[in-house]
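Let's take a walk through a protein model together. Keep the structure open beside you as you read.

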Amino acid sequence: MASGRTKRLTLAAATAMAGLVLAVLAGAPIAAAALAGAAGAAAAALLSWRDRSPIEAAPPAPETAPAAAEAIAALPEPVLMIRDRKVLVANPAARTLLGAHIEGVDVRLAIRHPAAAEHLTGTADQPARIELEGLGGEERRWEMETALLSGGTRLVRLIDRGQAIAAERMRTDFVANASHELRTPLATLLGFLETLQDEAAAEDKALRTRFLGVMFDEAKRMHRLVDDLISLSRIEGERFSAPREPVALLALGHEVQRSCGPIAEEKGTEILIENLLESEPVVPGDRTQLHQLLQNLVVNAIKYGRPGTPVTIRFNESGPGMLRLSVVDQGEGIAPEHLPRLTERFYRVEPSRSRAMGGTGLGLAIVKHIVGRHRGRLEIMSRRGTGTVVEVYLPRTTEALSSKSH
Ligand code: ADP
């Protein structure tokens, strides 16, 4: 049977470890987590003082190791505990990354990285953070965090930086693309303005009219682009708040049919609306954004559809509580290799054609974000020579909506 003192020591160790794990799980850096663990130990020590028992130092490693192994096993990222240059415990994520049998192995063999060695084997008692490249694959990037615990044990945590780096790259690419898209019409505008400043050119009325026409088109292109960029950032900013206003989609379809009338007429396209639902299609949503979604899809279907063929907006049932909104065209279709990338910002199958038709390359990216905010799903299907179907699946009702509408 364990003595009272041993029990108290185990309690101190367990409290320390619980504090440590809770803090690490809550995303605290290791140093803070270790502090939380120490605070837990202090609390347990205080308990034992109130118990009028002698306060003793934290127990040595063998008592903490099983609790530590269990605690770090619950963490999703690779975590190790090392002592005397050897891996004492490694959680499953660490064993997957570094090898199934690293426990008991020299840490320099377990983490084969020159930059890591001195932080793992040195005597520095300061928490450290360093970047590691190529661990577990050439392209992979990690941040290694170490902290010295009691008894000379060192806690090592590896944080995957891959996603953060990819997000950063996407952001810089986006800024570069947006600047490039704006610079082209701006350069055209400046060129024409410069020519018109020349008196002889300004007096040529026909030339002036032509130049002003081009300048107007380029200014409109910039305007559309800036509008789309603002929309995109607004929708992204609101992505965590699910919209709840009841939106009647049939009325919305008729509105879009009217607003797209002029461009449809130019191409000899008829916009048809089919409601295959037994009742009026209503979804909880943001009316302005759903209007923008439908408008973008219908404009694309007209732009890329074959002249003289119809574009259909269709509402249909799709399993319990879901509604399917489809926009169908009979255009030349899209080759399968482009389909997965169509919703990327500025991705176009034929950039010059899209620009010539006034496209910003952001229409489907906006659609994807609106669908996401509405907790829906987007699918694009296309067959070369037959046409394209864009399907948007939306939840029909939520508790909030039904309580609102009753
Ligand atoms: P854009 O402003 O270029 O139309 P979008 O984001 O709306 O930008 O669409 C991206 C690309 O997807 C378009 O450039 C076009 O190549 C392709 N696309 C979109 N809708 C259709 C469609 N209905 N039929 C054929 N291609 C389409």
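## The largest pocket

The largest pocket has 46 residues in its lining, and V299, N300, K303, Y304 and G359 are the ones that lie nearest its centre. This is a predicted model, so local features need pLDDT of at least 70 and side-chain atom pairs count only at pLDDT 80 or more, while totals for chains, interfaces and linings use all residues. Residues are numbered from 1 along each chain as its sequence is written, and side-chain values use heavy atoms, with hydrogens and water left out.

What counts as a pocket here? On a 1 Å grid over the protein atoms alone, a pocket is an open set of points where a 1.4 Å probe fits, with protein on both sides within 12 Å along at least five of seven lines; lining residues have an atom within 4 Å of a point. The volume of the largest pocket is about 1,200 Å³, meaning the space filled by probe spheres set on the points, which are joined across faces, edges and corners.

## Who builds the lining?

Elements giving two or more residues to this lining are α9 (205–237), α11 (261–266), α12 (287–304), α13 (351–356), α14 and β12 (387–395). Helices (H or I, at least four residues) and strands (E, at least two) are DSSP runs, numbered from the N terminus. The largest share comes from α12, with 10 residues.

By type, the lining splits into 19 nonpolar, 15 polar and 12 charged residues. Here Ala, Val, Leu, Ile, Met, Phe, Trp, Tyr, Cys and Pro count as nonpolar, Asp, Glu, Lys and Arg as charged, and the others, Gly among them, as polar. Domain 2 (165–237) and domain 3 (242–406) each supply at least three lining residues; the domain bounds come from an automatic or database domain assignment.

## Salt bridges

How many salt bridges does the structure hold? There are 25, each being a side-chain nitrogen of Lys or Arg within 4 Å of a carboxyl oxygen of Asp or Glu. One of them joins the side chains of R157 and E77, at 2.4 Å from N to O. R157 sits in strand β5 (residues 154–160) and E77 in the loop between α3 (61–73) and β1 (79–83), so this pair ties together parts that are 80 residues apart in sequence. Are these two buried or exposed? Both R157 and E77 are buried, which here means under 20% relative accessible area, with exposed being over 50% and partly exposed in between (1.4 Å probe, protein chains only).

E274 and R314 also pair up, at 2.7 Å from N to O. E274 is partly exposed at 29%, and R314 is partly exposed at 26%. Then there's R353 with E350, whose closest N and O atoms are 3.5 Å apart. Shared partners also join E77, R129, E131, E143, E145, R157 and R161 into one salt-bridge network.

## Spots in the loops

R85 isn't a glycine, yet it has a positive phi of about 65 degrees. You'll find R85 in the loop between β1 and β2 (86–90), partly exposed at 40%. R375, not a glycine either, has a positive phi of about 60 degrees. Look for R375 in the loop between α14 (363–373) and β11 (377–383).

T153 lies in the loop between β4 (141–148) and β5, and at 6% relative accessibility T153 is buried. Leaving aside neighbours within four places in sequence, T153 is in contact (heavy atoms within 4.5 Å) with M81, I82, R83, L88, A147 and L148.
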